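Hi everyone, thanks for coming. Let's have a look at this one together, and I'll talk you through a couple of spots.

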Amino acid sequence: MNGLFDQDRAFWRFINKTTDLVILNVITFLLSMPIITIGPAYTALYYSTVKTLKKGRGYPVRNYFHSFKQNLFQGTVVWMILLIGFLSSSLLAYVNYKASTAGGMAQFLFWLGIVIALMFFCMMLFAFPVLSRFDFSTKTLLSFTYLIMIRYFTYTLGILFIAGVCIFAGYLFLPLVVIILPGLFVYTSSSMIERIFKVYMPKFEAVSGNSSENTEECGDEIHYLGSNNKENYDNVINSSDDSGEDNTKEEKKDQWYYE
């Protein structure tokens, strides 16, 4: 009988994680209500979900607000850029929708708007996880997001599929959006996103001795400083997981990713 209430049992671990995920999801929903704060709210959701629920480091709510405050300004800027791009391209497709049946330029502009809108949507799915883990300037963050979105296109399709399933489920039952869907999407899609990030993480032992140039202490994790070090940024942009080196991924890792 005592074993039934053992917190180490798989059942209770599942209950605890689900409860934390619901709490984080509700916080994210509330902080996203002003619309312009969706970016930093989603960034914090990703950060806390991966670090706390998947890696067991720290406390979910504390980690959430740490990331939210840290990325509030840049997350808002990135979100507004991507949102404007998405809405503009969607408007282009909408305006040319009826005329597209006749073919010609209208049809071309319709499909161009669809493709660009889809590109901006996919960038939204990657940009805020990138923001939660790397310290880039906004310009570098967007270019890096676009690079990994194209380079790891099969992962992009997988993440896009998960997003589509969650959106459809939210359409069928709207309260799920408030309760758990965004958090569930982050929890499931982060497995693919973290595999990509693992390739670009600097080796912790290599940079820990030179924190003034290459790293920035943020609690108990190390953030990669691509924006302040051109050589590091070039390494990120030029890195690839098909280099043939067995130790490529092992040499570029984030401290709390592995622990």
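**A pocket and a helix pair**

So, keep in mind that this is a predicted model. Let's begin with the open space: the largest pocket holds about 750 Å³. How many residues line the largest pocket? The count is 22. If you want to find the centre on your screen, look for Ile-38, Tyr-42, Ile-167, Val-177 and Pro-182, which lie nearest to it.

Where does the lining come from? Helices H1 (10–31), H2 (38–54), H4 (72–95), H5, H7 (153–172) and H9 (181–200) each put in at least two residues. H7 gives the most, with five residues. And what sort of residues are they, by class? The lining of the largest pocket has 18 nonpolar and four polar residues, and no charged ones.

The crossing of H5 with H6 is right-handed.

Who makes the contact? On the H5 side it's Met-119, Cys-122, Met-123, Phe-126, Ala-127, Val-130 and Leu-131. H6 answers with Leu-141, Leu-142, Phe-144, Thr-145, Tyr-146, Ile-148 and Met-149. By class, that contact of H5 with H6 has 13 nonpolar residues, one polar and no charged ones.

Note on methods
Residues numbered from 1 in each chain as written. Predicted model: local features only at pLDDT ≥ 70, side-chain atom pairs only at ≥ 80, totals over all residues. Heavy atoms only, no water. Left-handed = near helix turned anticlockwise from the far one by under 90°. Helix = DSSP H or I, 4+ residues; strand = E, 2+ residues; numbered from the N terminus. Contact = heavy atoms within 4.5 Å. Nonpolar A, V, L, I, M, F, W, Y, C, P; charged D, E, K, R; others polar. 1 Å grid on protein atoms, 1.4 Å probe; cavity = no way out; pocket = protein on both sides within 12 Å on 5 of 7 lines; lining within 4 Å. Points joined across faces, edges and corners; volume = space filled by probe spheres on them.
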